Amino acid sequence: MSLLELDGLRLQAGARCLIQPLSLRIEAGEQVALIGASGAGKTSLLHALALALAPADGHLRLGGQDAWALSHAARHRLRRQLMLAPQHPPLPPRQRVVTAVLAGLLPGAGLGTSLRMLFSPSADQARVAFDALDRLELGNRLWSRVDQLSGGERQRVALARLLVSRAALWLVDEPLSALDPQRAQRSLAVLQEAARAQQRTLVCSLHQVELARSLFPRVVALREGRLVYDGPSHGLDDALLEALYAGLDDRPPSAADDDAQGGPGDATLSRAVPQAMCR
């Protein structure tokens, strides 16, 4: 049984179709790169996988459960199996980095444990947060406030939160957009290594097509809300890429690009995603 199953999933926002009917299977432990031009629907699809966006039609099964056939309470429990790291993490500005990272342990934790983690982390809990941050070259920011961080540092804090979480499914939206090329590759390597070591499933949207092709075994490509490629990265040749971006303002960015602008629909969804989805 696949960890994620999408059958004819269609996403709608008013009169606008975000994702045309799409069917997809993702197995436990897979690492999948999601590519496409700005506004292609990458963020919309990730939010659907995070159960933050209800489909207009079709079915989404996570761990064999039809998510939107469940009650609200049951669907909320199902969300404990996943964690979403948005492109622009909604971190409270006055929050300490240590507690922002430890928020990754909140799903399923008791009230007392949650309060201790968020307001007075123990030495052991602080060590867990430090180890995750240190892997992402942020160990010195453990006790900093979020409003003292750069955009790239905030993105890496969101990745550190993933590293400490118990979620089986990691959904990551443009995690490299605010990072320089060298740090971007190192951060992605940490994320992929951790996913393999912890047997997590990783679905990651990227603008850096060359990184998607060289580092991910499977690539899913979207164009204007349609699935146009789903297969091994080595099968995504230059001709297919040219067709994927043909006639659009966007182009296939390389690892050296530092452009992180999303399309209007994706940006709206990124701002609207509930903070609970990032925990």
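Helices (H or I, at least four residues) and strands (E, at least two) are DSSP runs, numbered from the N terminus, and by that rule the protein I am showing today has 10 helices and 10 strands. Please keep in mind that this is a predicted model, in which local features need a pLDDT of at least 70, side-chain atom pairs count only at pLDDT 80 or more, and totals for chains, interfaces and linings use all residues. Residues are numbered from 1 along each chain as its sequence is written, and side-chain values use heavy atoms, with hydrogens and water left out.

Let me start with confidence. The score called pLDDT is the predictor's confidence in each residue, from 0 to 100, and for this protein it averages 89, with 89% of the residues scoring at least 70.

Now some overall numbers. The protein has 279 residues, and buried ones make up 52% of them; buried means under 20% relative accessible area, exposed means over 50%, and partly exposed lies in between, with a 1.4 Å probe and protein chains only. The accessible surface comes to about 12000 Å², of which 50% belongs to carbon and sulfur atoms, and such areas come from the Shrake-Rupley method with a 1.4 Å probe, where for residues only the protein chains shown count as cover. Among contacts with a separation of 6 or more, 68% are between residues 24 or more positions apart.

Which residues touch the most other members of the largest nonpolar core? They are I35, V157, W170 and L191, in a core of 56 residues. A nonpolar core here is a set of buried Ala, Val, Leu, Ile, Met, Phe, Trp, Tyr and Cys residues joined through side-chain atoms within 4.5 Å. Helix α6, residues 151-164, gives this core its largest share, seven residues. Apart from it lies another core, of 31 residues, which includes L4, L11, I26 and L169. If we set aside residues up to four places away in sequence, L191 touches L159, L162, L163, W170, V172 and L202.

A132, which lies in helix α5, residues 123-135, is buried, with a relative accessible area of 4%. Leaving aside neighbours within four places in sequence, A132 is in contact with A160, L163 and V164. A132 and V164 are 32 residues apart in sequence, yet 6.8 Å apart in space, C-alpha to C-alpha.

Next, the strands. Two strands pair if DSSP finds at least two bridges between them, and in the order β2-β1-β4-β5 four strands form an open sheet with antiparallel pairing. Its edge strands, each pairing on one side only, are β2 (16-26) and β5 (65-66). Helix α1, residues 42-49, packs on the sheet, touching β1, β2 and β4 (57-62), and its direction makes about 125° with that of β1; axes are lines fitted to C-alpha atoms, for helices over the stretch in contact, and angles run from 0 to 180 degrees between N-to-C directions. Strand β1, residues 4-13, pairs with β2 over seven bridges, and L6 stands opposite L24 in β2.

Let us move to strand β9, residues 218-223, where six of its six residues are buried. R218, V220 and L222 point one way from β9, while V219, A221 and R223 point the other way. Strand β3, residues 31-35, runs parallel to β9 and is joined to it by four bridges, with V32 opposite R218. With β10, residues 226-232, the pairing of β9 is antiparallel, over six bridges, and there R218 stands opposite P232. β9 and β10 form a hairpin with two residues between them, and E224 in the turn has a positive phi of about 50°.

Most residues other than glycine have a negative phi. E174, in the loop between β7 (169-173) and α7 (181-197), has a positive phi of about 50° although it is not a glycine. Q199, in the loop between α7 and β8 (201-205), has a positive phi of about 55°, and it is not a glycine either. Is each of them buried or exposed? E174 counts as buried because its relative accessibility is 5%, whereas Q199 counts as exposed because its relative accessibility is 69%.

Technical notes:
Contact = heavy atoms within 4.5 Å.
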